[in-house]
Amino acid sequence: MRPPTALVLTVAAGLASALPSAAAPVVKLPAVPQVKFTDYTLPNGLRVLLVPDKSAPVVAVTVTYNVGSRNEREGRTGFAHLFEHMMFQGSENVGKGEHFQLVDDNGGTFNGTTSQDRTNYFETLPANQMELALYLEADRMRALDISQTNLDNQRAVVQEEKRQSYDNQPYGGLQDALLNLSYSSFAYKHSTIGSMADLDAATLGDVRSFFRTNYAPNNATLALVGDFQIGDAKKTIARLFGPIERQPAPPPPDISEPAPSGEKRETLNDALARLPLLTLSWRTVPGDDPDFYALSILGGILGRGRTSRFYAPVVETQKALNASAGIGESRGPSLFSVRASLPPGGDPKAAEEAILAEIERVKTDGVTADEVLKAQTQALAGTMGRLQTALGRAQALSQYAVYYNDPNRINTLLTRLQAVTPADVQRVAQKYLTAQNRVVITVLPTDKSAAGGNAQ
Amino acid sequence: MTRTIIFMLAALTVAGVTRALAQETPGVAAPPTAKGAVIRGKAPVAHDILQVKLPRPQEFTLSNGVRVFVLENHKLPTVTLSLSVRAGTLFEPLLSTARLLIDERSLSVRAGTLFEPKPGVAELTASLLDEGTATRTAQQFALETETLGANFGASAGSERATLSINGLSSATNQLAEILADALLHPTFPEDRLTRVKFQTRARLAQARSNPTTLAAELAAKVFYGDTPYARVNPTPEQVDAVTRGDLTAFHAAFYGPRGAILGVTGDVKARDIVKKFETLLANWNATGDGAPLPTAAFAPKTATRIFLIDRPGSAQTVLSWGNIALARADPDYIPLVVADRILGGGASGRLFANLREDKGYTYGAYSRLSTPRWVGTWGASASVRTPVTGPAVGAFLDEFARLQTSPVSADELDRAKRALVGSFARTLESPEGILSRTLELVQNDLPLDYWDKFPARVQAVTAADVERVARKYLGENRIQLIAVGERSAVESRLAKYGTVEVVEPGAGPTAK
């Protein structure tokens with residue numbers, strides 16, 4: 001085996017000689033495989049993205065609707081997600097529960113997810129069931145079957161989801177607090193899961209009007225990836241989705257934000273937590289803003305892995321058990337967040353000071369070219385996995401079409417990340433990671449739960 | 001104890017995504033008459049099941065006996081290397097024996113005498129592999145790995161400890177060198193051990209705030225009694241008691257090539273990677289015959305018991321059911337897989353249709369068949385809101401009884417079989433998935449043509465088979481129930497179904 005020190009030196013030399021070019025290969029960086037797609041729109045406004053790929057005998061379908069919790073109105077938080085559940089409760093030709101059976105019984109998988117920015121529905125099936133997959137999506141887009149019994153049933157299910165995923169989990173209240181302090185617009189200020197009271201208030205009339213307004217073909221993008229003939233797919237899509245009527249476009253939500261008005265802080269007491277948790281967060285830019293890419297690289301440099309900036313001063317010193325950083329992509333103002341779990345009895349103030357000192361160091365002294373390259377290489381390796389499955393590509397293509405009218409972002413994202421320079425990273429740290437723009441939330445175990453943590 | 005790296009870079013998903021059902025999905029079939037489902041039969045379904053033959057990975061054996069399985073896939077420029085050794089938690093009780101024998105310069109480990117185990121040794125050994133080697137400090141190890149854009153992880157399961165690294169295939173040789181270094185030359189520095197113990201204690205404290213962790217810890221003790229198979233997470237005191245000497249001894253005794261398996265997937269040439277590892281592992285020699293698994297016999301529990309762990313502040317009750325079932329190689333495995341899918345294998349299973357889609361008690365109710373090399377368990381679970389704990393218990397019992405007493409309809413049986421066979425097409429999307437299907441066979445001493453014959457064997461399962469295995473493994477009044485929730489609100493609701501035994505978190509059942 002080669003002595004490791006030699007390898008490290010080789011790495012360093014490779015970096016030095018290649019500066020300041022961001023793409024200098026330590027390990028030879030491979031070309032990113034490009035996803036070639038056909039992009040067209042039906043007369044009723046449904047955008048269609050097709051990627052034939054014969055490498056496995058499967059097809060993946062995703063329909064991404066241009067509606068998420070950011071489109072909800074006050075008093076109806078959680079409704080976009082509740083509605084997503086209603087999309088599995090039957091349509092004109094598919095009964096309640098039949099969707100589950102049709103996909104499962106034929107060897108497929110399916111789900112639907114709701115975020116602030118969009119709602120998507122997807123299935124992967126053996127390739128000979130392409131028509132079934134498209135039919136299931138078209139039938140519910142065209143003629144959802146809505147009943148009070150099913151609404152009451154799924155309201156209960158969603159409330160159990162909230163209990164299971166939030167109320168009965170440690171740090172379950174963090175997301176609500178973070179959004180509430182970070183945003184002024186109602187669109188982003190509230191969480192996707194919503195409140196129990198608002199879920200209780202939802203009516204059948206709400207379901208009907210939400211469907212008519214938001215689930216129209218002109219408010220959706222269909223992506224089909226896998227082993228199919230393109231002519232055959234186009235014909236089937238035209239037949240199944242073509243007759244669905246276009247609707248007036250829904251109004252865009254108001255997502256405007258005033259300039260940041262000063263640091264906001266909150267401490268939450270959590271009976272289910274055993275360890276203190278610290279989050280620092282800054283409101284930044286949408287995912288297609290030029291600064292987004294430098295913020296992504298900054299996140300990797302600060303908080304990804306044992307050679308990141310936070311590791312030695314925050315984790316090695318045992319001020320925290322871990323400290324991660326990154327930007328969560330949104331089509332609205334994305335949040336750049338740092339999150340650190342503290343040891344039992346750990347001092348949140350000491351951890352916060354250590355984290356802020358590292359951020360100050362980036363603002364003052366900048367970052368090195370090899371740090372940028374490392375974050376870029378990690379982004380490249382991490383992105384590959386998401387391109388492997390047909391479903392991964394279908395979701396990315398349709399989401400980028402809905403968010404930015406740019407499905408080709410699937411191919412350009414890594415190039416943009418690789419164009420980031422050390423100066424870009426320093427500049428965005430200075431611009432966005434300010435005290436004025438900061439939200440700090442500390443979650444502390446209550447005394448009772450802390451005591452319970454010592455029991456085995 | 002895999003090191004978790006949080007990927008936040010350019011993540012596609014957004015924080016706070018909620019979904020229609022929890023993210024485990026494989027599923028099957030409730031009958032058209034089931035509550036919670038309406039079947040219209042109008043959707044266009046291709047009648048044929050797309051039959052696929054799983055590609056067989058290329059197999060090699062290194063000169064020291066290590067078996068190597070390589071599945072080339074050149075779609076993406078990435079590679080995953082994964083090496084497992086028989087150094088899991090089940091071997092902890094043999095550690096004292098091993099130490100004695102190592103002291104005598106004889107490295108073979110004999111079966112038989114079990115010593116007082118030191119829980120935590122197996123996990124801590126795996127966790128320390130990348131915390132310093134003979135030629136790399138922890139920091140150098142991390143710098144090399146992260147500069148290559150790679151991820152290294154090592155963890156210990158029951159029988160095997162697994163080291164894996166993935167990254168860009170242009171760095172395959174460097175990734176192989178890093179993996180081999182962690183395997184062969186860890187130095188277990190004292191200061192790193194202190195740090196990892198500190199992290200482990202905190203992580204375990206956090207894990208115990210999760211109600212399903214509490215239920216799983218008790219389940220292991222209920223089903224596997226005082227044997228090494230009941231091994232759950234170590235206590236903070238047990239973590240503290242592990243020494244550097246324990247780790248070096250455990251590594252010397254159990255990180256050997258006997259029974260070791262190397263799996264490789266991705267953009268590599270099989271011959272090249274085998275040659276590379278032949279060189280890297282040239283001095284890794286056998287240290288004996290390899291330790292046998294501890295002997296222990298497990299029989300299904302013969303009388304239902306209801307256990308309750310008090311978790312103040314709970315918003316739901318976790319209901320976790322089960323009993324001892326069978327080993328992976330048991331002939332009943334295939335009929336039981338079919339029965340499991342009918343009962344609760346996914347969103348179209350009977351439990352989901354009844355407890356969620358009809359009654360709205362829960363976000364999801366599923367059954368689960370666990371079949372290790374030894375005798376595993378079959379059970380079911382759901383998290384339900386506290387006030388419906390009683391009726392939810394009743395609904396589970398109804399479904400358990402129905403599977404044993406009412407014949408499965410031809411339609412429901414056929415759909416379950418279609419699902420099992422049809423899902424193979426999707427496996428072809430993932431080289432890692434195909435390889436893991438092969439390794440499942442290797443690790444359970446099953447023939448390598450097993451998956452070729454699987455569809456026909458599934459098709460041969462009859463309604464009578466399903467009823468038979470349901471009776472044999474669920475049985476009447478035999479299943480065990482573990483509930484985790486707010487005791488003051490739940491105990492009386494459970495008491496309608498039998499005597500409730502309250503158990504402290506982390507404790508086992510009282511002898512009976």
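Q: Helix 16 (residues 409-418) of chain A: how many of the residues are buried?
A: This is a predicted model, so take what follows as computed from it. In helix 16 of chain A, 7 of the 10 residues are buried, so the helix is largely enclosed by the rest of the structure.

Q: Which ones are the buried residues of helix 16?
A: They are A:R409, A:I410, A:N411, A:T412, A:L413, A:L414 and A:L417.

Q: And what covers the buried residues there?
A: The cover includes helix 11 (290-303), helix 14 (369-388) and helix 15 (390-404) of chain A.

Q: Helix 14, then. What does A:E371 meet in a salt bridge?
A: A:R309. The N to O distance is 2.7 Å. A:E371 lies in helix 14 of chain A, while A:R309 lies in the loop between helix 11 and helix 12 (311-316), so the pair ties together parts that are 62 residues apart in sequence.

Q: Is A:E371 buried or exposed?
A: Buried. A:R309 is buried as well.

Q: How many salt bridges over all chains?
A: A search of the whole structure gives 60.

Q: What about A:D139, what does its side chain pair with?
A: With A:R142, at 2.8 Å from N to O. Both sit in helix 4 (residues 130-142) of chain A, 3 residues apart, so about one helical turn separates them. In an α-helix with 3.6 residues a turn, residues three or four places apart point the same way.

Q: Is A:D139 buried or exposed?
A: Buried, at 3% relative accessibility. A:R142 counts as partly exposed, at 35%.

Q: And which residue forms a salt bridge with A:D39?
A: A:R47. The closest N and O atoms are 2.8 Å apart. A:D39 is partly exposed, with a relative accessible area of 34%. A:R47 counts as buried at 15%.

Q: How many salt bridges between chain B and chain A?
A: There are 9. One joins B:R385 to A:E160, with the closest N and O atoms 3.3 Å apart.

Q: Which residues are linked with A:R306 in a network of salt bridges?
A: A:E316, B:D130, B:E131, B:R192 and B:R195.

Q: Where is B:N477?
A: In the loop between helix 17 (463-473) and strand 12 (480-485) of chain B. Phi is positive for B:N477 too, about 55 degrees, although the residue is not a glycine. B:N477 counts as exposed, at 57% relative accessibility.

Q: Where is A:N437 found?
A: In the loop between helix 17 (422-432) and strand 11 (438-445) of chain A. A:N437 is buried, with a relative accessible area of 11%.

Q: What does A:N437 contact, leaving aside its neighbours within four places in sequence?
A: A:P260, A:S281, A:W282, A:R283 and A:Y432. A polar atom of the A:N437 side chain lies 3.0 Å from the backbone oxygen of A:Y432.

Q: Last one: where does pLDDT stay under 50 in chain A?
A: Residues 1-25 are one such stretch, with 29 contacts beyond four places in sequence in the model. Residues 449-456 are also below 50, and that stretch has 16 contacts beyond near neighbours in sequence. Where pLDDT is low, the predicted coordinates should not be read in detail. Chain A averages 91, and 92% of the residues score at least 70.

Notes:
Residues numbered from 1 in each chain as written. Chains lettered and ligands numbered in written order. Predicted model: local features only at pLDDT ≥ 70, side-chain atom pairs only at ≥ 80, totals over all residues. Heavy atoms only, no water. Salt bridge = Lys/Arg side-chain N within 4 Å of Asp/Glu carboxyl O. pLDDT = per-residue confidence, 0-100. Contact = heavy atoms within 4.5 Å. Helix = DSSP H or I, 4+ residues; strand = E, 2+ residues; numbered from the N terminus. Buried < 20%, exposed > 50% of the residue type's maximum accessible area, 1.4 Å probe, protein only. Polar contact = N/O pair within 3.5 Å; in protein donor to acceptor, adjacent residues only side chain to side chain.
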